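Work through the exercises below with the structure open. Each task is followed by a worked solution.

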Amino acid sequence: MPAETTARARPEKPSAAPPRRRTSTRSLAVLGALLLLLAAVLLSLAVGSRSLPVSVVVDALRRHDGSTAASVVWDVRVPRTLAGIAAGAALGVAGALIQALTRNPLADPGLLGVNAGAATGVVLSLTVLGVTSLWASVWFAMAGAVVAGLLVYSLASGGRGGATPERLALGGAVIAAVFTGVGQTLMLLDAQALDQLRFWSVGSLARAGSDTLTTITPFVVVGLVLALALVRPLNAMALGDDAARSLGAHLHRTRFLGLLAVTLLCGSATSAVGPLVFVGLAVPHIARMVVGADQRWTVPLSLLLAPALLLFADVLGRVVVRPDELDAGVVTAVVGAPVFIALVRHRRVVAS
C-alpha cells in the first residue's frame with residue numbers, strides 16, 4: 001500500500017478541547033468550590049456540642065436578639081468560622097505559590113521555613129518576654145515568619161544564578177531545621193511555656209477570637225493580592241528560567257514577591273490557629289488535577305477549596321468525640337496522611 005494511503009488510513013489523534021470549553025469547565029469548577037465553601041460555612045455555624053437547625057442559624061445571623069442560639073452563633077461560631085476561612089485561604093494559596101516557586105508539586109508551606117519561624121516567634125514571646133496574650137503573640141509570630149523568609153531568600157540569592165527553585169528549597173529546609181531546634185530547646189527549658197504551647201502547636205480554630213482576626217486580616221489580604229498578581233509570571237517561570245526571561249518575566253522580582261506573599265500568608269495563618277499540616281500540600285495538587293497547571297485558575301481554586309477543607313475538618317472534629325472535640329490540626333493530619341501517601345505513590349504527579 002502506498003505511503004500516502006497508509007497515512008490517510010491512520011486515525012488522527014483527538015484534538016485538544018477548545019479554549020472556550022476548557023474555560024467553561026474551569027469556571028464550573030470554581031463555582032462548585034464556592035458552593036462547597038458555602039456549605040462548609042453553614043455546617044460550621046450549625047454543628048457543635050449543641051447543634052442548631054440551619055433556619056435558626058440564618059435567623060441568628062439576620063438579627064442578634066440576645067437568645068442563647070444567637071449568642072452561640074455570633075460569639076463562638078462566627079469568629080471560629082472566619083478564622084477557618086482566613087487561615088485556610090492563606091495556607092491554600094501559600095501552598096500553590098510554594099509549589100510554583102520551587103517547581104515541586106509535593107512542596108508545602110513548611111518547606112520554606114516560614115511556619116517554623118512563626119512558631120519560634122511565639123515561643124520567644126512566651127519564654128523570654130512572658131507574653132501570654134494571643135493577640136500580642138500574633139505580632140511575634142509574624143516577626144518570626146518575616147525573619148525566616150528574609151533569611152531563606154538571602155541564602156538562596158547568594159552566588160551565581162540568584163534564588164533558583166533548588167536553592168529556595170534547600171535554604172528553607174536549613175532555616176526550618178534551625179528555627180525548629182531553637183524553639184524546641186526553649187520549650188524544654190521552660191515547662192510553663194511548654195504547657196501553654198502544646199495546645200497551640202496542634203493547630204486549632206477554637207482559640208482564634210475577633211481580635212486575632214482583626215490583627216491578621218491585613219496581612220492575609222496583602223498576601224492574597226500579591227499572589228493573584230503573580231499568576232502570569234509564575235506561569236512563565238514554569239517553562240524554565242530562559243523561556244520566562246524571553247517572555248518578559250522578572251525572575252528575581254517574582255521570586256522575592258512570591259516569598260513575601262508566602263511569608264505573610266503562612267505567618268498570619270500560623271500565628272492565629274497554629275501550624276496546620278497538609279492543607280497547603282494537598283489542596284493545590286487537587287486544584288491542578290481539576291483545572292490544570294495554569295496558575296490563573298489554580299490559585300483562585302486553592303483559595304476556595306482550602307478553607308472548605310479546613311472547615312469540614314473542624315466540623316468533623318466537633319462530632320467524632322462529642323461532647324469533647326478534636327482539634328482541626330489533628331483531623332487534617334489524620335486525613336492528610338493517606339492523601340500524601342497517595343500523591344507520592346501516584347504514577348504521575350501533576351506538575352506545577
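This is a predicted model: local features need pLDDT of at least 70, side-chain atom pairs count only at pLDDT 80 or more; totals for chains, interfaces and linings use all residues.

**Exercise 1.** Determine how helix α9 runs relative to helix α12, and describe the contact of α9 with α12.

Solution. 
- Step 1. Locate the helices: α9 covers residues 210-229 and α12 covers residues 251-273.
- Step 2. Take the geometry. The axes lie 8 Å apart, and the packing angle is about 155 degrees.
- Step 3. Classify the angle. Angles over 145 degrees count as roughly antiparallel, so α9 is roughly antiparallel to α12.
- Step 4. List contact residues. On α9 they include Ile216, Phe219 and Val220, and on α12 they include Leu257, Leu260 and Leu264.
- Step 5. Sort the contact residues by type: 13 are nonpolar, four are polar and none is charged.

**Exercise 2.** Describe the largest pocket and its lining.

Solution. 
- Step 1. The volume of the largest pocket is about 350 Å³.
- Step 2. Its lining consists of 21 residues. Nearest the centre of the pocket are Asn115, Ala116, Ala119, Thr180 and Pro275.
- Step 3. Helices α5 (114-127), α7 (165-189) and α8 (191-200) each contribute at least two lining residues.
- Step 4. By type, the lining of this pocket has twelve nonpolar residues, eight polar and one charged.

**Exercise 3.** Which residues does a cis peptide bond join, and where is proline 323 found?

Solution. 
- Step 1. As background, most peptide bonds are trans.
- Step 2. The bond between arginine 322 and proline 323 is cis, with omega about 15 degrees.
- Step 3. Proline 323 sits in the loop between α14 (295-319) and α15 (328-345).

Technical notes
Residues are numbered from 1 along each chain as its sequence is written. Side-chain values use heavy atoms; hydrogens and water are left out. Axes are lines fitted to C-alpha atoms, for helices over the stretch in contact, and angles run from 0 to 180 degrees between N-to-C directions. Helices (H or I, at least four residues) and strands (E, at least two) are DSSP runs, numbered from the N terminus. Angles under 35 degrees count as roughly parallel, over 145 as roughly antiparallel, 65 to 115 as roughly perpendicular and the rest as oblique. Contact means heavy atoms within 4.5 Å. Ala, Val, Leu, Ile, Met, Phe, Trp, Tyr, Cys and Pro count as nonpolar, Asp, Glu, Lys and Arg as charged, and the others, Gly among them, as polar. On a 1 Å grid over the protein atoms alone, a cavity is a set of points where a 1.4 Å probe fits but cannot get out, and a pocket is an open set with protein on both sides within 12 Å along at least five of seven lines; lining residues have an atom within 4 Å of a point. Grid points are joined across faces, edges and corners, and a volume is the space filled by probe spheres set on the points.
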